[in-house]
Amino acid sequence: MSKIFELYGYRLDCWDEKAEENLSRAWCPFMNAECDGGGNRFQSAIDLNKTPELKTKLPNKDIIQVGVCSLQPHPNEQPWIVCPRRLLSLKGGSLSDKQSFVRRHLSDISELEAGQKYFAWSEVKIKTQVAVGEDDAKSFDYTFDYILSGVQKKKLEDVARIVGLTPTVVRRLATENGFTLASRNSEIWIDDFPTDPLIIIEIMTSSTSGGNKRNRTQIAMALRRCHFERR
């Protein structure tokens with residue numbers, strides 16, 4: 001049976017006081033932020049109020065993501081990464097050397113220009129449907145891990161035509177989502193509107209949300225078992 005190899009960024013066979021302190025915050029060192037379970041694996045979250053043995057470790061938390069970075073299928077075998085944040089995170093500031101290396105490699109293979117500004121959008125859901133003939137339709141419904149985009153200045157009225165909304169609605173949405181608006185010659189511009197290149201990034205890892213409840217192989221159960229084994 002697979003066992004947890006890394007928990008909240010630290011190997012269990014090298015567990016120390018620093019790792020214990022990191023655990024108390026449920027912190028992800030790869031994002032430099034609290035663990036989010038990989039982005040969209042919320043069903044594996046743990047309610048600490050129902051798990052008193054773990055609540056003592058995280059007294060200031062009520063709900064946590066399980067924080068499992070990698071698993072080891074068998075002793076002396078190469079660990080399997082199960083959290084996409086362990087491979088790549090485009091969130092946060094201070095990153096590990098490995099994360100910085102991956103970012104540089106991503107920049108190289110994507111042919112991004114040094115010194116240029118790019119947006120990184122996470123968990124981007126695209127849902128659309130196209131009619132095929134009179135009675136049939138094709139649909140697309142998917143959430144991408146990241147989409148990178150360039151940045152350009154664009155008139156708000158032009159943006160409104162592109163997205164099919166009124167200028168008033170576009171202005172409100174742009175303000176709510178933190179875009180930069182500027183007035184030039186009595187016209188409103190969005191100074192950081194997404195543009196080419198558009199790059200889709202998908203990070204493939206083993207799933208951490210499944211498992212068998214009867215056999216106690218769900219990932220949340222594995223975290224609780226791991227806690228008892230280390231005591």
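Which residue's side chain does a polar contact of 2.8 Å join to that of serine 70? The partner is glutamate 6, the two side chains lying 2.8 Å apart in a polar contact (a pair of N or O atoms within 3.5 Å; within protein, one must be able to donate a hydrogen and the other to accept it, and residues adjacent in sequence count only if both atoms are side-chain atoms).

## Basis of the model

This is a predicted model, in which local features need pLDDT of at least 70 and side-chain atom pairs count only at pLDDT 80 or more, while totals for chains, interfaces and linings use all residues. Residues are numbered from 1 along each chain as its sequence is written, and side-chain values use heavy atoms, with hydrogens and water left out.

## Overall composition

The protein has seven helices and 12 strands, taken as DSSP runs numbered from the N terminus (helices H or I, at least four residues; strands E, at least two). Of its 231 residues, 35% are buried (under 20% relative accessible area; exposed is over 50%, partly exposed in between; 1.4 Å probe, protein chains only). Among contacts (heavy atoms within 4.5 Å) between residues at least 6 apart in sequence, 58% join residues at least 24 apart.

## Serine 70

Serine 70 belongs to strand E7, residues 68–72. Its relative accessible area is 1%, so serine 70 is buried. Leaving aside residues up to four places away in sequence, serine 70 touches Lys3, Ile4, Phe5, Glu6, Pro79, Trp80, Ile81 and Val82.

## Packing of H5 and H6

Helix H5 (residues 156–163) packs with helix H6 (residues 167–176) at an angle of about 100°, their axes being 9 Å apart. Axes are lines fitted to C-alpha atoms, for helices over the stretch in contact, and angles run from 0 to 180 degrees between N-to-C directions. H5 is therefore roughly perpendicular to H6 (65 to 115 degrees; under 35 is roughly parallel, over 145 roughly antiparallel, the rest oblique).

In this contact, Leu156, Glu157, Val159, Ala160 and Val163 of H5 meet Pro167, Val170 and Arg171 of H6.

## Aromatic cluster

Phe119, Trp121 and Phe179 form one aromatic cluster. Rings of Phe, Tyr and Trp (its six-membered ring) pair if their centres lie within 6.5 Å; planes under 30 degrees apart count as stacked, over 60 as edge-to-face and the rest as tilted.

## Glutamate 111

Glutamate 111 is located in the loop between helix H4 (97–109) and strand E9 (119–132). With a relative accessible area of 68%, glutamate 111 is exposed. Its C-alpha atom is separated by 9.7 Å from that of proline 197, 86 residues apart along the chain.
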